Protein chains: 2
Amino acid sequence: MVRSSIPRIPPAAHRLKLPGSFRMRRGGVLEQVEIAYETWGRLNSDASNAVLVLTGLSPSSHAACSTEDPTPGWWEDVIGPGKPIDTERLFVICVNSLGSCFGSTGPASIDPATGAPYRLTFPVLSLEDVAAGAHAVVRSLGIAHLLCVVGPSMGGMSALAYCLQYPCEVNALVNISAAARSLPFSIALRSLQREMIRSDPAWEHGQYSFEAGPICGMRLARKLGMITYRSAKEWKHRFGRERVQDARSESEEEGTLVDGPFGVEFEVESYLEAHARKFIGSFDPNCYLYLSHAMDLFDATDHGGAPSCAIDGGVELRHVLVMGATTDILFPVEQQHELAGMLEGPGREVTMVELPSVQGHDSFLVDMDRFRPAIARFFEGLLAG
Amino acid sequence: MVRSSIPRIPPAAHRLKLPGSFRMRRGGVLEQVEIAYETWGRLNSDASNAVLVLTGLSPSSHAACSTEDPTPGWWEDVIGPGKPIDTERLFVICVNSLGSCFGSTGPASIDPATGAPYRLTFPVLSLEDVAAGAHAVVRSLGIAHLLCVVGPSMGGMSALAYCLQYPCEVNALVNISAAARSLPFSIALRSLQREMIRSDPAWEHGQYSFEAGPICGMRLARKLGMITYRSAKEWKHRFGRERVQDARSESEEEGTLVDGPFGVEFEVESYLEAHARKFIGSFDPNCYLYLSHAMDLFDATDHGGAPSCAIDGGVELRHVLVMGATTDILFPVEQQHELAGMLEGPGREVTMVELPSVQGHDSFLVDMDRFRPAIARFFEGLLAG
C-alpha cells in the first residue's frame, strides 16, 4: 500500500537557524527559519574556493555521497573527488530550498507562533527568498564571495536570483536547463500539476494528515512532471509500443487503477507508475505547491536585467556558463540562449552550450557523457584563472 | 455552477441503424448499433463525388452548417459551398465515431440486452471499429467507392484504418496531423488524461450519474488536452506573462479552485479554465476513455503496411495528401513524414505538406491561411481528374 509519509531529512544535513526575522519578498515574515545544507571538501584559507549548488524543485541537499551519508546524491556523477565539481579542490555547499521539506523551513514546518504546521498560512514563496536562505548559509560559513553558484532547472532560476540580489558576491554562474522567466506553456503545466493536487479531496485545502494526504493528486502531478522532464524522442527508442507482460503482478496493491479497464498496458505507463510511487511518500504536497508556484512567479526582468556590482571590494560576475538540451520542452533551449544573451556584458565571459541530449529537461541528471565534460572544462578554467 | 450533462445530438444528424450484429475488432459484439452522420451537397449520378470526413476525438458529425442546422460546424472554414472541400461539387459525409456520444452508439448508449447504459461493459474500441461504422454509413448511401476520405488528428488514424480495411473502395486520402501509430509520449499523455478521470471519486468506476459525473477529472483532462493541442510558441506571443485582472469576478461559482491560494493568476490559466468549462458538459467521460484508448491501440503496421487493392473493379488508393504542423507536440511532424513514406507506392501520388503553423496540433482548426489553400489545391486536382 502506497502511503504518504513525512519526508526524511538527509543524515548529513546541517541546519542553520537564522537569527531574527526573515522577511519574504512578496510579503510576510517568518521567525526561527532553518535552512538545511550539506558540504563537501574543505574551504581554503582565504575562502575563495566555495561553490554553492541550488537544487531543482524536488531534491534535498544530498547532492553527493559523503562519509556521513554514503547513499548516492542526486548529482553524484558531477560532485565529488576528481569529478567535474571537484571536492578535492572546491568547497561545495548544497542547500535545501526554503519552502521545501528536507530540513529547511517550509509549509510543512511548525509555525512557532501557533505550534502547528504553517500549511497554507506560509507566505507566498519566491525564488528570491530561496536565494536569500542560501545566502544566509553562505555568510554563516564565513564566505564573503562565492567562486561559483550552480543551479539546474529551478535551481538555475534560484542561482540567477542569487546573482541578481548579491551582485558583488559571485564570481561565476553555471546555469543549466533553466530560464530568466517562466513562459505560459510551462506555467500552464505547473498550474495543472497544482490543480491535480488541489483537486484531490484528500488535500483538504491543505489540511491533510501527514500520514495520508493527496496521494492521488501527487501521483498525477508527478506523472505529468515525468512526461515534461523527458522527451518524445527518448521514449520512442526506450519504450516504443512495448506492452507490459503482466500489469497485475506488478501492482503492489489490489483494487488500484493499475488494474482493470484502462489500467497499465504499455511499458511507458508502467514506467510512469513506478516513478510516481517513489515520489508520493517523499515530498510534502503543500511544499510542492509553493515551490511550483515560485517558479511561475520568477522573472529576472523584475531586477532590471543582468547583475552589476557598484560596490568597491565587491566581486563582479565574470564567468557564466549557460547549458541546455535541445529536447527540453519545459525549459526550451531558446530560453537558455535568451538568458545567455541577457547576461552578456563588458568584462563578462558568457559561454552557451547547447547539447543534443535526448533525455529532455532531465538530461543534466542522466546524459553524463555530455554534461560532465562541459562542466569540468568550465571549472578547470575557473580554478586556473 | 458547472454541471455535467447529456451530450446534445446535432439537429441535422441522421442516424443509421445497422442491421444484425456489429462484431468488434478486439472482441465483443454490439447489437442495434446506430451511427450518426450529416451530409452536405448532392451525390452525383454515378456516386463518384463522395467525400467522407472522420473526426478527432471530441467533435460531433456537425462539421459545417446547413439549412437544417445553421450553427457553425467544427470545420466550418474548410467544408461548404466554394470552400476547400466544396459542397457545390462534392457530396460530403461526416460521421460521429462509434464509441462517441453525439448520436452514435457508445458507452453512454443503452445496451439493448440490459436496458441500461453500456458504461464499462462496452467492448474495447478500436479505430478500425470506428472506420467500420463509417463504412456502413457510406454503403447505406449507395456509395461503392469514395472519391476521398479525410481525417484530422484521431480522424486521420480512423481514415487510415478505413483505407487499410477497404483498400479497393477509396481513391484518395487526406491525412492531417495524425500518425500511423501512437508513440509512447502521446500514449503517456492520454493515459494520464484517462487516469485523471478515473481518479475522480465521482467517476465511480464508470457508474456515475449522467447529471453529475467526474467533472473535476474531465476538467483536468481537458486542460492537459489543451496544453498538448497548442504550442509554447503560440502561447508565448498570445499570453506572455500577463496576469488576470480579477480572477474572482470571472469565476461563475464560489468556492471553486479558481479562487483562493494557487487559483487563477496568469492569463494562460484563465484561458485553460474557460476551455475546460465549455468541454465538461458536452462530452461523456466513459466515451472519452474509450476513444482515447483506441488512439493508443492504433498501429497501421497491424495491417501489414500500405493499402493495396487486389480485386478487379476495385478502386486503388491513388492520391494521398499528408499534412502536419511543425509545432505539433502530440503528433510531431516526423510522424506525418513517416506516414507519407509508408504510403509511397507504385501508381500512387503522395504529397507531404509540412506547415510552419504556430498553433501546434490544433493548427488544422485555426491556421486557415495555411491549411485551406493546401486542401483546396488537392481537391482541385482530384476533381480535375
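1. Buried area here is the accessible area (1.4 Å probe) that two parts lose on being put together, summed over both. For chain A and chain B of this predicted model, that area is about 4600 Å². Carbon and sulfur atoms give 70% of it. In terms of contacts, 51 residues of chain A touch 51 residues of chain B.

2. Polar links also cross the interface. Between chain A and chain B, six salt bridges are counted. A salt bridge joins the side chains of A:K223 and B:E195, at 2.6 Å from N to O. The rule also finds 18 residue pairs in polar contact across the interface of chain A and chain B, both residues at pLDDT 80 or more.

3. Which helices of chain A each supply at least two residues of the side that touches chain B? They are α3 (184–199), α4 (215–229), α5 (232–238), α7 (267–280) and α8 (285–297). The largest share comes from α3(A), with 12 residues. By type, the residues on this side of chain A divide into 28 nonpolar, seven polar and 16 charged.

4. Now α4 of chain B. This helix covers residues 215–229 and has 15 residues. From first C-alpha to last, α4(B) reaches 20 Å, close to the 21 Å expected at 1.5 Å a residue. Helix α4(B) is mostly covered, with 14 of its 15 residues buried.

5. Two backbone angles in chain A deserve a look. Most residues other than glycine have a negative phi. A:A47 has a positive phi, near 50°, and is not a glycine. A:A47 sits in the loop between β4 (34–40) and β5 (50–54) of chain A. Its relative accessibility is 14%, so A:A47 counts as buried, the cut-off being under 20%.

6. A:E204 lies in the loop between α3 and α4 of chain A. Is A:E204 buried or partly exposed? It is partly exposed, because its relative accessible area is 47%, and that class runs between 20% and 50%.

7. Last, a loop residue of chain B. B:S109 is placed between β8 (91–95) and α1 (127–140). Its relative accessible area is 19%, so B:S109 is buried; the limit is under 20%. Which residues does B:S109 contact, leaving aside neighbours within four places in sequence? They are B:S104, B:A116, B:P117 and B:Y118.

Technical notes. Residues are numbered from 1 along each chain as its sequence is written. Chains are lettered from A and ligands numbered from 1 in the order in which they are written. Side-chain values use heavy atoms; hydrogens and water are left out. Helices (H or I, at least four residues) and strands (E, at least two) are DSSP runs, numbered from the N terminus. Buried means under 20% relative accessible area, exposed over 50%, partly exposed in between (1.4 Å probe, protein chains only). Contact means heavy atoms within 4.5 Å. A salt bridge is a side-chain nitrogen of Lys or Arg within 4 Å of a carboxyl oxygen of Asp or Glu. A polar contact is a pair of N or O atoms within 3.5 Å; within protein, one must be able to donate a hydrogen and the other to accept it, and residues adjacent in sequence count only if both atoms are side-chain atoms. Ala, Val, Leu, Ile, Met, Phe, Trp, Tyr, Cys and Pro count as nonpolar, Asp, Glu, Lys and Arg as charged, and the others, Gly among them, as polar. The expected span of a helix is 1.5 Å times one less than its number of residues.
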